[in-house]
Amino acid sequence: MNSPTEKILTIDEAANWAKELRRSGHTLAVTNGVFDLLHRGHVQYLMEAASQADALLVAINSDAAVKQLKGPERPIVCEQDRAFMLASLKCVSAVVIFDSTRATSVFQAIAPDVYVKGGDYTEETLDREEHAVLKAAGARFSFIPFIAGRSTTTVIKQIRDGASPQVLADRRIDPILSRRSIRRFQLRPVGQEQLKELLKAGMAAPSACAKDPWFFLTVTKPELLKAIAEKLPNGKFLAEAPACICIAGDLHKAHGGELSYMLQDCSAAAENILLAANLLGLGGCWLGVHPREERVKALQELFALPAHILPVCCLAIGWPAESPQPRTRYRDEAVRFL
Ligand SMILES: Cc1cc2nc3c(=O)[nH]c(=O)nc-3n(C[C@H](O)[C@H](O)[C@H](O)COP(=O)(O)O)c2cc1C
């Protein structure tokens, strides 16, 4: 299926397509929702949903069902247009429109291998009827957290309230405001490509005289993650994280050979990595190492680092299993306009 319209199927057509798919040894993930006013949060969610199987089918509620679910003013975008836009996405293999508030009939017809839903649900809070049909079909459940601050309701509110310069400015720095420390992660691994993107972001940070004294120890081996966690009194959760980037700095390379420059350069790289993780839908948490001597020594030993290379911090990295709200801790008292 290539053109978007070819990807929009009736439930019967989708059932036949799913059968064919399975006959050729492929797996199918299914998710359902309204997907009104498609936004980045939707797309990132669908990309992650698609990564759970060989193909992704998105079932969307009909306009009549959306009115029942969300009120007479919704949907804003009609079902055919919602389906068309979803079908235009590379990560979406097929779309069906179902005329009900519940997707039970779709699940009965398709019997997905994986059922994907937003992280605001759990197996316990799913509709009981839908859950029973999915269980009977032997589907695996996967809950993907939504990207903080991205929702159709927020977009509608912003349009209704009128976008003041303040709102527009806040929206532009949202990728920064929505970076929060993530300490609980999904079991999904973080791929090499994603880690490399993070490292590229890290090494794009400012550095005094561009000396780049940093050194990134990127760890995904579970036994090594556990060993690092043991050395960090406030970082025990790292043992359950899929990845860690330990940032160390080389005193010999730092501007003027000075500790402070080295620490500032490594810290700038750490923040760039955490911001990039947030932009990619990943999450992370800074775990303090320097200046605690026992932690510095323990990690130097663990990574066999010479005395002039000092571990500065460790970043726990993974797919978030929690979604703290975006925020700033802005305080007027902390500012002086001169
Ligand atoms: C230098 C430094 C050391 C930190 N060490 C730890 C740590 O050892 N364990 C931890 O859970 N969080 C640690 N954090 C994360 C802070 O607790 C967190 O950034 C702070 O509470 C603000 O929350 P936010 O990141 O969600 O905005 C550290 C942060 C910094 C900058």
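Four aromatic pairs turn up here: the count is 4. The rule is simple: rings of Phe, Tyr and Trp (its six-membered ring) pair if their centres lie within 6.5 Å, and planes under 30 degrees apart count as stacked, over 60 as edge-to-face, the rest as tilted. Take Phe107 and Tyr115. They pair edge-to-face, 5.0 Å centre to centre, with 70 degrees between the planes.

A word on the source. This is a predicted model, where local features need pLDDT of at least 70, side-chain atom pairs count only at pLDDT 80 or more, and totals for chains, interfaces and linings use all residues. Residues are numbered from 1 along each chain as its sequence is written, and side-chain values use heavy atoms, with hydrogens and water left out.

Next, Phe141 and Phe143. This pair is stacked, at 6.5 Å centre to centre and 10 degrees between the planes.

Buried or exposed? Buried means under 20% relative accessible area, exposed over 50%, partly exposed in between (1.4 Å probe, protein chains only). Phe107 is buried at 1%. Tyr115 is buried, also with 1%. Phe141 is buried at 13%. Phe143 is partly exposed, at 22%. Together, Phe107, Tyr115, Phe141 and Phe143 make one aromatic cluster.

Another ring now. The charged end of Arg188 sits over the ring of Trp319, 4.1 Å from its centre. For that, NZ of Lys or CZ of Arg must be within 6 Å of the ring centre and within 35 degrees of the ring normal.

On to the sheet. Helices (H or I, at least four residues) and strands (E, at least two) are DSSP runs, numbered from the N terminus. Two strands pair if DSSP finds at least two bridges between them. Here 4 strands form an open, antiparallel sheet, in the order β7-β8-β10-β9. Which strands stand at the edges? They are β7 (214-219) and β9 (283-288), each with a single partner strand, so one side of each has no neighbour in the sheet.

Look at β9 and β10 (residues 309-318). They pair in the antiparallel sense over 6 bridges. Gly284 has Ile317 in β10 as its bridge partner. Helix α13 (residues 259-279) packs on the sheet and touches β7, β8 (243-250), β9 and β10. Contact means heavy atoms within 4.5 Å. The direction of α13 makes about 10 degrees with that of β10. Axes are lines fitted to C-alpha atoms, for helices over the stretch in contact, and angles run from 0 to 180 degrees between N-to-C directions.

Last, the domains. The assignment gives domain 1 (4-172) and domain 2 (192-318), with bounds from an automatic or database domain assignment. Their C-alpha centres lie 37 Å apart.
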